[in-house]
Amino acid sequence: MAGEDCIELKFRLSDGTDIGPSKYSQSMTVSSLKEKIISQWPKDKENTPKTVNDVKLINAGKILENNRTLGESRLPVGELPGMIITMHVVLRPPTLDKKTEKLQNDPPMKNRCGCTIL
C-alpha cells in the first residue's frame, strides 16, 4: 500500500467506543472492510456481528454499499489531508428466537374488530 493510496479510518460503535484508527487502501471493498471490522470487534460487547450483512457503515450520512471500493465511497466534504475519517457502525438487530420467527411466518390474522353505528 502506497502512502498516498491509503485512507486513515476509525469506526465509532453505537456505545461511543472506537475501533482503530488504521490505514486502509482506497481499492479495498466495503465488504472486505466490514470483515476486518468484525475480526477486530471488541470481545466484551454484548451484540457481536456474525456476517458482513449484520454491519452497516455510515460515512457523512450515507450508507456504504458492499460492492463499492473505499475510493468510490469516499465523500471529500470536510476532509483535510492527513485527517482521520470516522465512520459509524450500525448493527442489524439480533435475530429473534425460533418461536417468535414461526409466528412471523404464519399468515397474518384478519382484523376481527366490528363497528356498529347506531
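Predicted model: local features only at pLDDT ≥ 70, side-chain atom pairs only at ≥ 80, totals over all residues.
**Reading the salt bridges**

Student: How exposed is Asp18?

Tutor: Asp18 counts as partly exposed, with a relative accessibility of 31%.

Student: Which side chain does Asp18 meet in a salt bridge?

Tutor: General idea to start with: side chains of opposite charge can pair when their charged atoms come close. Here, Asp18 pairs with Arg12, at 2.4 Å from N to O. Arg12 is partly exposed too, its relative accessible area being 26%.

Student: How many salt bridges does the count come to?

Tutor: Four. Another of them joins Lys45 to Asp15, and their closest N and O atoms are 2.3 Å apart.

Student: Where in the chain do Lys45 and Asp15 sit?

Tutor: This pair links distant parts of the chain, 30 residues apart. Look for Lys45 in the loop between helix H1 (30-39) and strand E3 (55-59), then for Asp15 in the loop between strand E1 (6-12) and strand E2 (18-25). Asp15 is partly exposed, at 46% relative accessible area.

Student: What about Arg68: which residue is its salt-bridge partner?

Tutor: That's Glu72, with 3.9 Å between the closest N and O atoms. Arg68 is partly exposed at 32% relative accessibility, and Glu72 is partly exposed at 47% relative accessible area.

Student: Which residues do shared partners join into one network?

Tutor: Lys10, Arg12 and Asp18.

Methods: Residues numbered from 1 in each chain as written. Heavy atoms only, no water. Buried < 20%, exposed > 50% of the residue type's maximum accessible area, 1.4 Å probe, protein only. Helix = DSSP H or I, 4+ residues; strand = E, 2+ residues; numbered from the N terminus.
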